[in-house]
Amino acid sequence: MGVQTKVPYEVSVPHIEPLRVLLPDGTLASGAKAPNLTSEQLRELMRRMVYTRTWDQRAVSLNRQGRLGFYAPVSGQEAAMIGSEFVLEREDFICPGYRDMPQIVWHGLPMFQAFLYSRGHQYGGRIPEDVHVLMPQIIIGAQIVECAGIALGLQLKKKSNVAIAYTGDGGSSQGDFYEGMNFAGAMRLPAIFFVQNNQYAISTPMSKQTTAASIAHKAVAAGIRGVLVDGMDVLAVAAAVQEARVHALGGMPTLIEAITYRFGPHSMSGDDPTKYRTKDEQTSWEERDPLVRMRQYVAAKGLWTEADEQAVVQAARDDVAEHIKKAENIEKMTVPGLLTSMYATPPAHIAKQIAQWK
Amino acid sequence: MTNMTMIEAIRDAMRCELERDPTVMVFGEDVGHVGGVFRATEGLQKQFGATRVFDTPLAESGIGGLAVGLGVQGFRPVAEIQFIGFIFETMDQICSQAARMRYRSGGRYSAPIVFRTPFGGGVKAPELHGDSLEGLMVQTPGMKVVIPSNPYDAKGLLISAIRDDDPVFYMEHLKLYRSFRAEVPDEPYTVPIGVAGVVREGSDVTLITYGAMVHTAVQAADELQRTRGASVEVIDLRTVMPLDIETLVTSVKKTHRAIVVQEAQRTAGVAAEVIAQVTEEAILHLEAPIMRITAPDTVMAFGQIEEEWLPSVARIVAGLVHVLDF
């Protein structure tokens, strides 16, 4: 498929070197621009990554037991997810893709609601009043154009806050990806577009997704900042988002591409990654595990011990157990309740159907 | 009171609401500086500033996303989609995002958006400018669909739509924009969404329609009065979602006969739904099957045969005669 012969034309683009703060062995890269974080915050970043990894493993088990419904595993992407959310302000607004449950839970959505969402219960999406997120988006790219609207709303309300939309490498091929960035650029909105390039859109590799030099380069078309970052390096991700936030508040959106990898399948609904990824490739990415890298760094600084690690794993397991129980104990949705949620006030035909379903 | 065209009434509704409610925003392609391709928003940017009335980049999905995001942030966007055929570019934002926002968020968020768009046949517009796509919207739970037939209703319904807490798809018939004037109050007022209007009372047969077809229907009713002395009750639906079945059933119980006229293609449209619901409620009162007068099941005809494609006075009269003689 496609043009096999080399055409006499080359697209000339500047090379972008991925931002990196931590080397794979957990030492600081020379000349690296580390994020502005205290020792306590470094510990917290580590804690959240370990917690999220454990939660992910438990969620995969719960799915297999039939106690969770749709679930998109996150292991491997913790640096990109946790690092980017960690440097947001509480009133910054997150427009997540379907895999981005960790960011919205760390931003305030109670875990049991994430479980309810997975179990197909409407209460899952009832975001608490002081939590500034949308529900995970199913239509790839829709959250990117909505992000521009959220950002405009924040700007009109004179908030010093930004809106951030998450998507993946596949999402960057959608028309909405360009439309959202272009609206944000043309209107000078406080927006950040964060692409977790985990190399595959379900089974389709990056090589079939685009011939662009990188996804970050696509920012040029929208006239906004484009940044490439090592997505297995939580400090590099945090630094990139911290900087993007400052620019966003000044009216210059940023597209950040974080190069990462999902260790697990696309979702728990029958995807088998061995059909499209080699063992060697998988192993090579697992050697770049973002948790290992950060753990080496914080351990060397004397900020993290094996006991800390065990305590966090246990806490995460306990929390998951408590929240799944809570989710399971919530009363089932009802059809009349569903009908009621269609409009602010049920029109006659809905009112009639509510009565019929009771 | 001012004598206004429908487009002036639509503009006046936006002006009233921009003035009354600081969260109302008006935007779309060319709506700011020049005031829209039909001048529906003319002068509004000058009066309310470019922050509240503005031009967007040319991208309908972007416009829809902007509206949904603003809705979540507590604003009341009035987003113009320049022509009806362009809605497919933003169908996801209208149908899958805006209309589902209340449901998905368990009521935490809503999408109090008005999507305004011109549509309708009879003016020989280019293709994909005049289609009657209300059927698609009616099949979208969470959406309301409003189609005014005159300047008074246009203003009152648009004000209701802007104040509504749910998304409203507001369709403006191209043929009605400037075809006649009517008295419109200068102050804000509402015409309720979901309430049909009895345009003309009658006793022999009920003629149900909406949009520009209301005027064609009235002509057909006149002709039948003249030729047969038949008294036709003409009902303007005004809102096609939700339907005002009560008004229709009350009328049919009186006349025992009905026809439904729509510009849209025949199959699975508003007329089919009206007939199904009226039949469910009033079958024992009917003396004849309820007929549909519609466009055929083709894509909308190009300009050359547009008039033949659309329901005409003659076709409506023939339908009425058939039902009366059944």
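Because the model is predicted, local features need pLDDT of at least 70 and side-chain atom pairs count only at pLDDT 80 or more, while totals for chains, interfaces and linings use all residues. Residues are numbered from 1 along each chain as its sequence is written, chains are lettered from A and ligands numbered from 1 in the order in which they are written, and side-chain values use heavy atoms, with hydrogens and water left out.

Let's start on the inside. In soluble globular proteins, nonpolar side chains tend to be buried together. A nonpolar core here is a set of buried Ala, Val, Leu, Ile, Met, Phe, Trp, Tyr and Cys residues joined through side-chain atoms within 4.5 Å, where buried means under 20% relative accessible area (1.4 Å probe, protein chains only). The largest such core has 156 residues, and the members touching the most others are A:Phe193, A:Leu235, A:Met294 and B:Phe169. Its top contributor is helix H1 of chain A (residues 39-64), with 10 residues; helices are DSSP runs of H or I, at least four residues, numbered from the N terminus. A second, separate core holds 35 residues, among them B:Ala13, B:Ile159, B:Val184 and B:Ala212. Back in chain A, leaving aside residues up to four places away in sequence, A:Phe193 touches a list of residues including A:Ile144, A:Met181, A:Ile224 and A:Leu255, with contact meaning heavy atoms within 4.5 Å.

Next comes the meeting of the chains. Chain B brings 39 residues to the contact and chain A brings 41. About 3,200 Å² is buried between them, 62% of it from carbon and sulfur atoms; buried area is the accessible area (1.4 Å probe) that two parts lose on being put together, summed over both. B:Gln73, B:Arg104 and B:Arg108 supply 22% of what chain B buries against chain A, more than any other three residues.

Two salt bridges cross this interface, each a side-chain nitrogen of Lys or Arg within 4 Å of a carboxyl oxygen of Asp or Glu. B:Glu281 and A:Lys352 form a salt bridge through their side chains, at 2.7 Å, N to O. On chain B's side, H3(B) gives the largest share, 10 residues.

Finally, B:Gln225 sits in helix H8 of chain B (residues 213-228).

Note on methods
Buried < 20%, exposed > 50% of the residue type's maximum accessible area, 1.4 Å probe, protein only. Helix = DSSP H or I, 4+ residues; strand = E, 2+ residues; numbered from the N terminus.
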